[in-house]
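Please review the model shown below. The briefing that accompanies it is grouped by topic.

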Amino acid sequence: MNSRNYGCRITTDITIKGNRAVVMENQMLRLTILTERGTDIIELLYKPLDIDLMWRSPVRLHHKSDYISTTGNSLGNYLDHNSGGWQEILPNGGNECFYKGACLGMHGEISNIPWEFQVIRDEEDEIAVVFSVSTLRSPFRLEKRITLKAFESVIYLSEKLTNLAKEPMELMWGHHPTVGKPFLDETCMISTNAVKGFTLKPQDFKNQRLEPDSEFLWPLSKANCKTVDLSAVPPANEGTADMIYITGFPKHAWYKVSSKKLGLSYGLNWDGEQFPYLWMWLICGGADGYPWYGRTYNLALEPWTSYSSKGLTGAIENKSALRMKANEVIKTELAFRITECSPSSIHL
């Protein structure tokens, strides 16, 4: 591997709090990726403004072996070690469930286990690393290529998912990028090419703004006889906690979050047919009790194949679960980009 200190470059021989990490960077971005922790991106630094977009949770980064989960269940296996950032989740989204004889923990299982990686391009103008994992309790293999190009503030992701089983398998698959301070505040606006949204029953949080089991046309909804504009991010002390499901995307799906204060936007492009649901997890100090205790201000806009707060079995019930044939291979691409913009172009 080249030892450049300029242009596109990769560092693979570091550890952070005992966790092995890969650092990918160019003139615009620096990504810090934990290879022992589900390829969590714990740092996504936009260098020109020295702003790290990734949310840091109250659960400070540590090595998983340093702490034994005290909750005794799969909820703790995930949340006791969630220090924030961007996780990828498969084959279960939401709470623990049982599927084909296997207990699938909350957001299990690729976000909780080590991945392998291989540097496949290391040039001044472009770098690329392939991360791969084979699941333990289910028969899947996922390969993810992350690419950075010189002078671009874009992260290119190319993925290949294989069902290794000799039988059909159902699953949930999603990306969970969570953004916090210093980017997130009440001057942020969300835009997307989705057309509608809904909430589930029972509601995910007691302090959510919308009624459970409600539907709306994006971005306006009703709450307590008032119109709520869901494209506007509330302030940190609002005392709300929302879990909203957004859908109705065309094939070329996108969203963008723009900060009027910073004149900065980030966004994601993906295949809206493969990932037809966008989970919106927006906490403004209103997530009471374990594990946040009202201490968090964060926004996650998460492309998913499916939806359910009850895990995979719930997604099977509502017919949103992804179904793969025996030995089937699925490929997909995503792109995350950061752009500077005029604050006057962002409407509040």
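The points below concern a strand and its pairing, a histidine and its surroundings, and a cavity.

This is a predicted model, in which local features need pLDDT of at least 70 and side-chain atom pairs count only at pLDDT 80 or more, while totals for chains, interfaces and linings use all residues. Residues are numbered from 1 along each chain as its sequence is written, and side-chain values use heavy atoms, with hydrogens and water left out.

- Buried means under 20% relative accessible area, exposed over 50%, and partly exposed in between (1.4 Å probe, protein chains only).
- Strands (E, at least two residues) and helices (H or I, at least four) are DSSP runs, numbered from the N terminus; two strands pair if DSSP finds at least two bridges between them.
- Strand β21 (residues 252-259) runs antiparallel to β22 and is joined to it by 8 bridges; H252 has D271 of β22 as its bridge partner.
- A hairpin is formed by β21 and β22, with 4 residues between them, and G263 in the turn has a positive phi of about 65°.
- Strand β26 (residues 329-340) also pairs with β22 in the antiparallel sense, over 6 bridges. Here L268 stands opposite F336 of β26.

**H175 and its surroundings**

- H175 belongs to strand β14 (residues 174-179) and counts as buried, because its relative accessibility is 0%.
- The side chains of H175 and E88 make a polar contact at 3.3 Å. Such a contact is a pair of N or O atoms within 3.5 Å; within protein, one must be able to donate a hydrogen and the other to accept it, and residues adjacent in sequence count only if both atoms are side-chain atoms.
- Apart from neighbours within four places in sequence, H175 is in contact (heavy atoms within 4.5 Å) with residues including W86, Q87, E88, E302, W304 and L334.

**The lining that includes H175**

- The second largest cavity is lined by T39, I41, W86, Q87, E88, K144, I146 and H175. The elements giving two or more residues to this lining are β6 (86-89) and β11 (140-149).
- The largest share of the lining of the second largest cavity, 3 residues, comes from β6.
- On a 1 Å grid over the protein atoms alone, a cavity is a set of points where a 1.4 Å probe fits but cannot get out, and lining residues have an atom within 4 Å of a point.

Technical notes. 1 Å grid on protein atoms, 1.4 Å probe; cavity = no way out; pocket = protein on both sides within 12 Å on 5 of 7 lines; lining within 4 Å.
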